[in-house]
Amino acid sequence: MNALYVQASRALVAILLLALAGCNESEQVEQVLEPVAFHADDECHVCGMVIADFPGPKGQAVEKGGVRKFCSTAEMLGWWLQPENRVLNAKLYVHDMGRSSWEQPNDEYLIDATSAYYVAGTGLKGAMGAVLATFAEEAAAQKLAAEQGGRVLRFEEIDQSVLQQSSGMHQHMSDHHNAHAGH
């Protein structure tokens with residue numbers, strides 16, 4: 001009887017270990033952090049303004065526990081550059097403006113922010129602060145930079161100084177504030 005009990009116990013332990021391993025695998029599959037659509041009433045995680053009120057590419061940080069949405073790529077990057085946010089297990093997304101309209105970026109074209117090409121220093125209008133146009137393809141970014149002025153940067157090259165150097169930054173902030181007076 002003891003031998004039967006030991007065999008049954010071993011079998012039960014093996015089943016439990018397999019079940020736990022299976023749970024772990026399905027949990028890892030569920031943790032795929034995909035971008036989500038923006039909605040008309042979404043508010044920027046940083047400034048609290050309605051995201052849909054502004055033209056230009058938006059950003060989002062997707063984590064296991066939820067999504068933080070931003071009214072611009074610069075707002076998202078400014079948030080990301082804070083030391084307490086760099087340690088989060090978040091996947092960052094931005095709109096590919098090579099396949100989207102400036103006035104209403106298409107959420108079907110959200111791309112990995114870490115592999116995007118950024119154009120800084122254009123005269124394009126967006127939310128407050130620096131306006132960074134984002135592209136999946138370097139050629140599209142170079143084309144915009146040639147047409148609108150500005151320079152092409154990679155994700156790793158963007159720091160607080162880039163986010164603070166925006167032609168007409170104060171005008172964009174004033175436009176942003178005036179657009180929401182009374183809200």
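Biologist: In which strand is the place of H95?
Modeller: This is a predicted model, where local features need pLDDT of at least 70, side-chain atom pairs count only at pLDDT 80 or more, and totals for chains, interfaces and linings use all residues. Residues are numbered from 1 along each chain as its sequence is written, and side-chain values use heavy atoms, with hydrogens and water left out. Strands here are DSSP runs of E with at least two residues, and helices are runs of H or I with at least four, numbered from the N terminus. H95 lies in strand β3.

Biologist: Is H95 buried or exposed?
Modeller: Buried means under 20% relative accessible area, exposed over 50%, and partly exposed in between (1.4 Å probe, protein chains only). Contact means heavy atoms within 4.5 Å, and the residues that H95 touches, not counting those up to four places away in sequence, include F38, Y109, L110 and I111. At 1% relative accessibility, H95 is buried.

Biologist: Which residue in β2 is the bridge partner of A61?
Modeller: β1 (residues 59-63) and β2 pair in the antiparallel sense over five bridges, and the two form a hairpin with two residues between them. In β2, G59 has F70 as its bridge partner. For A61, the partner is R68.

Technical notes. Pairing = 2+ DSSP bridges.
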